[in-house]
Amino acid sequence: MTDDVTMAGAASAAPAESYTEAYAASHGRFAVIPAAYVVPRRGDEVLLQLRRGTGYFDEHWACGAAGHVEQGESLLAAAARETLEELGVELDESELTVLTVMHRTGGAPHRAIEERIDVFFSATEWRGEPRLMEDKAAELAWFPLDALPVPVVPHELAVLEALRDGRLDPITPYGF
């Protein structure tokens, strides 16, 4: 109990930079990194982008839009922002439907900061025509859920396949 109180006090008094991987590991804690994923849907088709030049799963297909939640930003706001930044289309937060929440780890027990919460949304309504807006993708294309391209980023593929098969759970553990 004392450790929790001390931790809460230290967290409010110390700058965010003090919460390092070493600090987290020495206290048996870890940081969770949140991200929002948006799967634009058109009937049974999903909009995917081909990643390129990012250093993370380059030449793999990925959800139409995705990115980290910024400090002070809600998951819904992050999803709408990423959709505008990456696809050039506007959508209201109310137009997003939660598909699943993925609790994901990189499987690296020696790293205290290696936990992710990925919230996957679908969108069927937006304003504008989807187009590539950033140089981190080489192509944008619609695919039927039963004919997904190869390869797809593995944790995103798990969600898309579960969506296709009608077995998408509210919570999806991945990498445990």
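Reply: Helices (H or I, at least four residues) and strands (E, at least two) are DSSP runs, numbered from the N terminus. This is a predicted model, in which local features need pLDDT of at least 70 and side-chain atom pairs count only at pLDDT 80 or more, while totals for chains, interfaces and linings use all residues. Residues are numbered from 1 along each chain as its sequence is written, and side-chain values use heavy atoms, with hydrogens and water left out.

The protein as a whole has four helices and eight strands. Directly after helix 3 comes Gly 88, with a positive phi near 70 degrees.

Several residues of helix 3 are buried, including Ala 78, Ala 79, Ala 80, Arg 81 and Glu 82. Buried means under 20% relative accessible area, exposed over 50%, and partly exposed in between (1.4 Å probe, protein chains only). Among the elements that cover these buried residues are strand 1 (32–42), strand 5 (96–105) and strand 6 (115–123).

Strand 6 is itself mostly covered, with eight of its nine residues buried. Strands pair if DSSP finds at least two bridges between them. Strand 1 runs parallel to strand 6, joined by nine bridges, and Pro 34 has Ile 117 of strand 6 as its bridge partner. Strand 5 runs antiparallel to strand 6, also with nine bridges.

Key:
Contact means heavy atoms within 4.5 Å.
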